[in-house]
Amino acid sequence: MKRDGATISLWQPGITDYLPKGSFKENAIYDVVIVGGGITGISTALLLQKAGRSVMIAEAQNIGFGTTGGTTAHLNTLMDCSYDHVANRFGKDNAKLLAKGTRLALDKIREQVKEIDIQCGFKEEPGYLFAQDRQQSKELEKIFEASKEAGVEVEYSSTTPMPIPFSKAIVFARQASFHPTRYIYGLAEAFERAGGSIVQDCRVTKVDENELIDIDTSKGSVRAKSLVYATHIPPGVNMLHFRCAPYRSYVLAVKLSNPKDYPEGLVYDMQEPYHYFRTEEIDGQKFLVAGGEDHKTAHEENTENCFLRLENYIKKYYEVEEIAFKWSSQYFEPADGLPYIGHLPGHPGNMYVATGFGGNGMTYGALAAIILTEMIVAGQCEFEKLFDPNRVKPVAGFNNFVKEAADVVGSLVSGFFSKTKLEEFTELAKGEARVVKFEGQAIALYKDENGKLHAVNPACTHIKCTVNWNVSEKSWDCPCHGSRFSMDGEVLTAPARKDLATINVEELVEK
């Protein structure tokens, strides 16, 4: 299973039992077209199909390609934006509504695992949050009181399942974990059995709102009564891109020397950025899955240092036999702490979006499916107002900005650049990348391990920010809104719709 980077996650190998069978039907009309084949898109598609709607999923790569394939798969009612912050910003009633929604999401996942018989290792287990100093302890007390008042099952605990020293801890009941790609592949198979269609390698390139929504893709055109962007962040230029900050998080899946050391439960510290841990057993093999070292996308010069810091942190408390997998993944942090689920801003009719999940993507992905299905089928949902994307109001002049910035095309550089001159100018080592100014042209240049040069225009095709190289994932990442591109400029992550323009590098042949 491909994913949006060069590293391999724990969830990629062995996904071969089922592959989507959907085929593209030119000019077909669907009740709903869903863009994106991660947990949000597939969960929503299955619920809508079971509700009697005809649904197509358009996935630009393969299902699980994005963040679902790179998550750590924590299922929480303990959220990144804690209940005390939600109560302060949105009111205590809305904190209770959030607790109700997250519980509903976890219960829906458990129900579907049982109903469809998905072999994904779903397991309910406690979640521990611990403080390590006086200030963290004060914050923990606030989180505890607000969580309790919101109706979350939480208690103080005198222990945690990890050997990390702490001053105070609380434990949340009925959290859960699972194998995320086995789960979504199980949902996808059930969706196709119910009559739905999944079309992979199908990138949506243009959308026009008419009586029906006209949707152009890399495979042809279809129409739909409703469109759902389940792409983690919507493509194009939208106000939501300025209210969702892109971050990357780093994960190690390690084998421990002592089989008795694997913790039972989900565990979180309160450092900034925080670390998070759990155990995953796959086909009889156990792994300690540890994450952290988060930073804004493209704001870390050497991402390998993030893995190194995480490795050193784990080795302070455990004897590590092997680092079996290491990977990073992207998430979008919402400005006010809660995700944006509902009508796409500027499109109040039949276009929907789900984004800004922060570090709780699996829970919010399942909740978004419930919300969007109820909005499309019943016309309303009790969670609609709380997560309304239109709570973000445009600033003066924004519409003009969108008009000018939408779908920027990476200008194709004319002519050829000499490989010999470029190499002399840049002095790139194998595996190294750099953005340079050469003969009046900005060039994003990468030399692969075989010595081949890959050159692209570094202007992100979203709104022309200059991309930076991600050494771990071998991708060009945009520091403004999180668009990501392969070494050859192919779009990996929205909001960009278009690839970076490639630059011709001439091979000089000696005679």
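## Contacts and overall dimensions

Of the contacts in the chain with a separation of 6 or more, 69% are between residues 24 or more positions apart, where a contact means heavy atoms within 4.5 Å. The structure is a predicted model, in which local features need pLDDT of at least 70 and side-chain atom pairs count only at pLDDT 80 or more, whereas totals for chains, interfaces and linings use all residues. Residues are numbered from 1 along each chain as its sequence is written, and side-chain values use heavy atoms, with hydrogens and water left out.

The radius of gyration of the chain is 23 Å, which agrees with the value near 24 Å that a compact globule of 511 residues would have; the radius is taken over C-alpha atoms, and the globule rule is 2.2 Å times the number of residues to the power 0.38. Taken along the principal axes, the box filled by the C-alpha atoms is roughly 75 × 60 × 50 Å. The accessible surface of the chain comes to about 21200 Å², and 47% of this surface belongs to carbon and sulfur atoms; such areas come from the Shrake-Rupley method with a 1.4 Å probe, and for residues only the protein chains shown count as cover. Buried residues make up 59% of the 511 residues, where buried means under 20% relative accessible area, exposed means over 50%, and partly exposed lies in between (1.4 Å probe, protein chains only).

Three of the strands form an open sheet in the order 19-20-21, with antiparallel pairing, and two strands are taken to pair if DSSP finds at least two bridges between them. Strand 19 (433-438) and strand 21 (453-456) stand at the edges with a single partner strand each, so one side of each is left without a neighbour in the sheet.

Ignoring direction, neighbouring strands of this sheet are turned by 30° against each other on average; the axes behind this angle are lines fitted to C-alpha atoms, for helices over the stretch in contact, and angles run from 0 to 180 degrees between N-to-C directions. Strand 20 (residues 441-447) is joined to strand 21 by four bridges, and the two run antiparallel. Leu445 stands opposite Ala455 in strand 21.

## Salt bridges

A search of the whole structure finds 28 salt bridges, each being a side-chain nitrogen of Lys or Arg within 4 Å of a carboxyl oxygen of Asp or Glu. One of them joins the side chains of Arg103 and Asp107 at 3.4 Å, N to O, and both residues lie in helix 3 (residues 92-116), four residues apart, about one turn of the helix. Arg103 counts as buried at 14% relative accessibility, whereas Asp107 is partly exposed with a relative accessible area of 22%. In helix 3 there is also a pair formed by Glu111 and Lys108, three residues apart, whose side chains meet at 3.2 Å, N to O; Glu111 is partly exposed at 39%, and Lys108 is partly exposed at 21%.

The side chains of Glu153 and Arg174 meet in a salt bridge of 2.7 Å, N to O. Glu153 lies in the loop between helix 4 (134-150) and strand 5 (154-157), and Arg174 lies in strand 6 (residues 168-177), so the pair ties together parts that are 21 residues apart in sequence. Glu153 is partly exposed with a relative accessible area of 37%, and Arg174 counts as partly exposed at 32%. A network of salt bridges links Arg103, Asp107, Arg110, Glu124, Glu153 and Arg174.

## Backbone features in loops

Most residues other than glycine have a negative phi, and most peptide bonds are trans. A cis peptide bond, with omega about 0°, joins Glu272 and Pro273, and Pro273 lies in the loop between strand 12 (266-268) and strand 13 (276-282). A cis peptide bond also joins Ala494 and Pro495, with omega about 20°; Pro495 is in the loop between strand 25 (491-493) and strand 26 (505-506).

Asp201 has a positive phi, near 55°, and is found in the loop between strand 7 (197-199) and strand 8 (204-209), where Asp201 counts as partly exposed at 46% relative accessibility. Phi of Lys464 is positive too, near 75°; Lys464 is in the loop between strand 21 and strand 22 (468-470) and is exposed, with a relative accessible area of 54%.
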